[in-house]
Amino acid sequence: MSEIEFMDIFSDNLESLMNDVGVGVNQLAREINVSKAVISRYINKQRIPSLKTFLNICIALDCQPDDLVPLYEFIV
């Protein structure tokens, strides 16, 4: 999986999970202590989160890392 594929999958799954849980951009940004612009960049496939932010998103959305990105192959 390339970084671009990772970003595409992450973005689509993040947006879907946020909708399922009923969490908006502003609320997620507040909960994980980032700006709403950062969350928007993730959703718009412009940025990949750091490991810390990725894990904080998992905690905030009460999901497993695999729910955001299936970890079945290496990222190259």
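Predicted model: local features only at pLDDT ≥ 70, side-chain atom pairs only at ≥ 80, totals over all residues.
**Aromatic cluster**

Start with Phe 6, Phe 10, Tyr 42 and Phe 54, which form one aromatic cluster. The model has 3 aromatic pairs. One of them is Phe 6 with Phe 10, a stacked pair with 6.2 Å from centre to centre and 5° between the planes. These two residues are 4 apart in helix 1 (residues 3-21), so about one helical turn separates them. Phe 6 and Phe 10 are both buried.

Phe 10 belongs to helix 1 and Phe 54 to helix 4 (residues 51-61), so the pair ties together parts 44 residues apart in sequence. Phe 54, like Phe 10, is buried.

In soluble globular proteins, nonpolar side chains tend to be buried together.

Centre the view on Leu 61. Leaving aside residues up to four places away in sequence, Leu 61 touches Leu 14, Leu 17, Met 18, Val 21, Val 23 and Leu 28.

**Helix 2 against helix 3**

Now select residues 25-32 (helix 2) and 36-43 (helix 3). Their axes come within 8 Å and cross at roughly 115°, and the crossing is right-handed. On the helix 2 side, the contact involves Val 25, Asn 26, Leu 28, Ala 29 and Ile 32; on the helix 3 side, Lys 36, Ile 39, Ser 40 and Ile 43. By class, this contact has 6 nonpolar, 2 polar and 1 charged residues.

Most residues other than glycine have a negative phi. Which value does Asn 33 have for phi? Phi of Asn 33 is near 60°, a positive value in a residue other than glycine. Asn 33 sits in the loop between helix 2 and helix 3, and its relative accessibility of 70% makes it exposed.

Finish at Asp 62, where phi is near 50°, again positive in a residue other than glycine. Asp 62 is in the loop between helix 4 and helix 5 (65-68). With a relative accessible area of 73%, Asp 62 is exposed.

Key:
Residues numbered from 1 in each chain as written. Heavy atoms only, no water. Axes fitted to C-alpha atoms, helices over the stretch in contact; angles between N-to-C directions. Left-handed = near helix turned anticlockwise from the far one by under 90°. Contact = heavy atoms within 4.5 Å. Nonpolar A, V, L, I, M, F, W, Y, C, P; charged D, E, K, R; others polar. Phe/Tyr/Trp six-rings, centres within 6.5 Å; stacked < 30°, edge-to-face > 60°. Buried < 20%, exposed > 50% of the residue type's maximum accessible area, 1.4 Å probe, protein only.
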